[in-house]
Amino acid sequence: MIVEATPGSTDERSLLLTLEEISHLAAHDGEPTATLQNIVQLIQGRFRTDVCSVYLLEPDRAHLVLAATVGLRAESVGKVRMSLKEGLAGLVAERLEPVVVADATSHPRFKYFEEAGEDLYHSFLGIPLLDGNLIQGVLVVQTAEPRTFSEAEVRMLVAASRQLGSVVCEARAQQQFTSRAHERLWDLARNLWWSWYPNGADVFREIDPVLWGEVRHNPVAFLKQIPYKQLEELAGQIMQNGRINHEHRRLQEYLRSEKTWGATHCGVLRARPVAYFSAEFGLHESMPIYSGGLGVLAGDHIKSASDLGIPLVAVGLLYKEGYFRQRIDQTGLQQEEYLRVKTEELPLELAVGKDGRPVEIRIHTRGGSLAARVWKVAVGRTTLLLLDSDVEGNAAEDRELTARLYGGDNRVRIRQELLLGVGGVHALRAMGIQPGVLHLNEGHSAFAPLEVMRERMASEGIGFDEAARRVSRMTVFTTHTPVPAGHDRFSPELVEEHLGPLRDGLGISYEHLVGLGRVNPWDGGEEFCMTVLALKHSRRANAVSSLHGEVSRSMWSCMWPGRPEDEVPIGHITNGVHVLTWLAPAMHQTYSRYLGPNWFVRSGEPEVWGEIEGVDDGELWETHVALKARLISFVRKAAARQAVRRGESQEVVEQLCRAMSLDALTIGFARRFATYKRANLLFHDLERMVELVNDSRRPIQIVFAGKAHPRDWPGKEMLREIFKVTRDPRFLGKVVFLENYDINVARHLIQGVDVWLNNPRRPLEASGTSGQKVVLNGGLNLSVLDGWWAEAYDGENGFAIGHGETHSNLEIHDRRDTEALMETLTREVIPLYYQRDPDGLPRAWVARMKRAIRTLGWRFNADRMVMDYVRHCYVPAAGGTSSAMPR
């Protein structure tokens, strides 16, 4: 439809734009976004439509992107994008002529963009924006009521568009120059790859270091606050623009690369990937959907899966208030604060299903239904799906279901776990993802296999027993806790209320269902345990260290009566940490000089680490000292700031501003304040500690951090005891407690301490990973032989507390460990640290640092861990092994 613009009537002439109006459309500050917004506001008002939008042609001249709108959702600007071969706006650009449709939804080229909020609008009139004969974009007007635009209206809009062509062309040229930097920064911000790749964060930090700190290293929040003028200036700075282009190019190369370990070893998983379920994911401090070790382990797992190219989709929950922010009052009592996370400041986008619409899942219970939408997070090559119950239609209590991590009572917990397990399976199906493996990271997601069984029964026409056999074969379960209280248990009534409809679909009785979660299925007094459910429906189950494997086999041997404990089918894959996430940049530079520029690609291989012995002692020690100085600066600022907030005296604040010494042996202790972790073990002999801390020749100093669970009053009391020690005049400024332990605090501690202390009551530490992070940065472990350290310590790569003994009497156990700790500290650790050569270097200490890095860096590494899961769990569970013989 070509319409000549030959105005006739007075009404038609009134729709034309004057030269004065056109001259005022260009924003005075030259900002193209403002210019385009002025255009749509003027046209919408002049032509009396509900919507007016401008879509600009992208530099590839093959796509249109929404650049300005009145009527559609403002947040959809820059997000709604289409090729010239799709959508009605694309049809306009393709034909280079107006397109008029009374009801757009009935047109074969109609494409639905949920984020734009187009549901209300039906009529469509699109006009090509031309400069000369060259297409620049498309002008669209829409109305809520179906309407046929008259020829006069079309003619006048064509005339207006021709008058605006040059203005749009200039705005587009401006936007292309500056938006390249802007768009590429947004591409980087929306993929968490930046958070671990070497120097990835620098591209944001260098723009505005102060703002970067204020937004807690959150690039999405950061870019939302950067003034347009500043980005325009950046685009004009060749060095900065080149840096942005370089980082963007690295991301694209990373995403496209097919030369990965997984490409060789995971062929069977490409069509049917691993679905990795976890209640929490610790990816970065700007994504507060984790509480501690379990979440950080899950985050490291999916980052390594990304680096290795393992086909894996992760599933979790989006906690709007996350875990609590910790505050310590003047008495040392922990206070919990919950802050609402702004989802618009997280790297989230709504997940879209096979039908092109945003995914919303619904789960039926005996008491009604529970709905959730699904968000998608890009974690390198890996996708993380997060379910969010804060949607219209849910009851108020259900809208708050995904507010807090590990909050609420058993009813809240079972509904969260129903959403994670059953809802997670629904989300995968809605997106067309057919997993070949279910990996349950802890028992929180143990309902997932039941939902897959129900689907298999419906689709394959098989019974429950056969479905259970088939699904168990594809399920991997990892248990993380040897503490009985750490395993979720629910009453049978609560289970029936929430799983009743699922039970109906499985065709099993109430007694059968609740028996699935009991060691003894017919024991009416036994509660339903999620770990038992997971163990019964996973062909492959593992603990997270060698010692934890022994403990787990003993703990759950009751499920296999008559079988020797050694034959209980629970193995172990020892946890590891994601190297690039936890390695300090300065240490990374040192490694790159000696291990080779791309050493980290093969960090799970022992051969890579052998060259660490060639690092110059002085260089390694100086790098460590620089990181220690950075830690001390961080501790001083944080401790003083926290004391001011508490209203402590000026004397205390001044003392904290000078806290700690670069020359003193620095010990770090940071973890959850559970009583079995014994944060106070050092102070069982208080007078001895006074001597060690205040020794004028060989002093020690200690930094504590960690949270107690809100309902763990013994843990809170232990924390208060530690805080009181920090305010004792004999320890003030030499023993420090930092509030609100998170990934950022952990990063500073593990990169800067000389020694990492870990003294749990053996054998209650399943694995522990914080000490593994310390190794990478040149720190040494001083630990009870528990968890990972029991299989890592070789006598020369750190220090051991005791010889692995335990005692049935806890008082005797603790007293012996206190004596062993003091013995090791005073006879081994302190003397070795202060033993210096004529150049002031602690040569023997540095030799132990090197041995720790060489012998432990590859073993306790998330790449090695994930490769073990692939070889021993994922590929066999997916039926991808080339040979296997039954024993």
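This is a predicted model: local features need pLDDT of at least 70, side-chain atom pairs count only at pLDDT 80 or more; totals for chains, interfaces and linings use all residues.

**Around Trp-845**

A: Leaving aside residues up to four places away in sequence, Trp-845 touches Trp-621, Leu-665, Asp-754, Val-755, Leu-780, Phe-799, Val-829, Leu-832 and Tyr-833. Trp-845 also belongs to the largest nonpolar core, which has 241 residues; together with Tyr-874, Trp-845 touches the most other members. The biggest contribution to this core comes from helix H25 (residues 617-646), which supplies 11 residues. In soluble globular proteins, nonpolar side chains tend to be buried together.

Leu-780 in S25 is the bridge partner of Val-755. Strand S24 (residues 755-758) and S25 run parallel and are joined by four bridges. To get from S24 to S25, the chain passes through helix H30 (residues 770-776), making a right-handed β-α-β crossover.

Now stay with strand S25 (residues 780-784) for a moment. Five of its five residues are buried, so this strand is largely enclosed by the rest of the structure. In a regular strand the side chains alternate between the two faces of the sheet. For S25, Leu-780, Leu-782 and Val-784 are on one side, Asn-781 and Ser-783 are on the other, and all of them are buried, leaving both faces covered.

S25 has a further pairing, with strand S26 (residues 799-801): these two are parallel and share three bridges. Here Val-784 has Ile-801 in S26 as its bridge partner.

For contrast, look at another part of the model. There, six strands form an open sheet with antiparallel pairing, in the order S3-S2-S1-S6-S5-S4. Strand S3 (81-83) and strand S4 (99-101) are at the edges with a single partner strand each, so one side of each has no neighbour in the sheet. From one strand to the next, the twist averages 25°. Within this sheet, strand S1 (residues 51-57) and strand S6 (residues 134-143) run antiparallel and are joined by six bridges, with Leu-139 in S6 as the bridge partner of Val-54. Helix H4 (residues 87-95) lies across S1, strand S2 (63-70), S3, S4, strand S5 (123-131) and S6, at about 40° to S5.

Note on methods. Residues are numbered from 1 along each chain as its sequence is written. Side-chain values use heavy atoms; hydrogens and water are left out. A nonpolar core is a set of buried Ala, Val, Leu, Ile, Met, Phe, Trp, Tyr and Cys residues joined through side-chain atoms within 4.5 Å. Buried means under 20% relative accessible area, exposed over 50%, partly exposed in between (1.4 Å probe, protein chains only). Contact means heavy atoms within 4.5 Å. Two strands pair if DSSP finds at least two bridges between them. A crossover is right-handed if, with the strands pointing away from the viewer, the path from the first strand over the helix to the second runs clockwise. Axes are lines fitted to C-alpha atoms, for helices over the stretch in contact, and angles run from 0 to 180 degrees between N-to-C directions.
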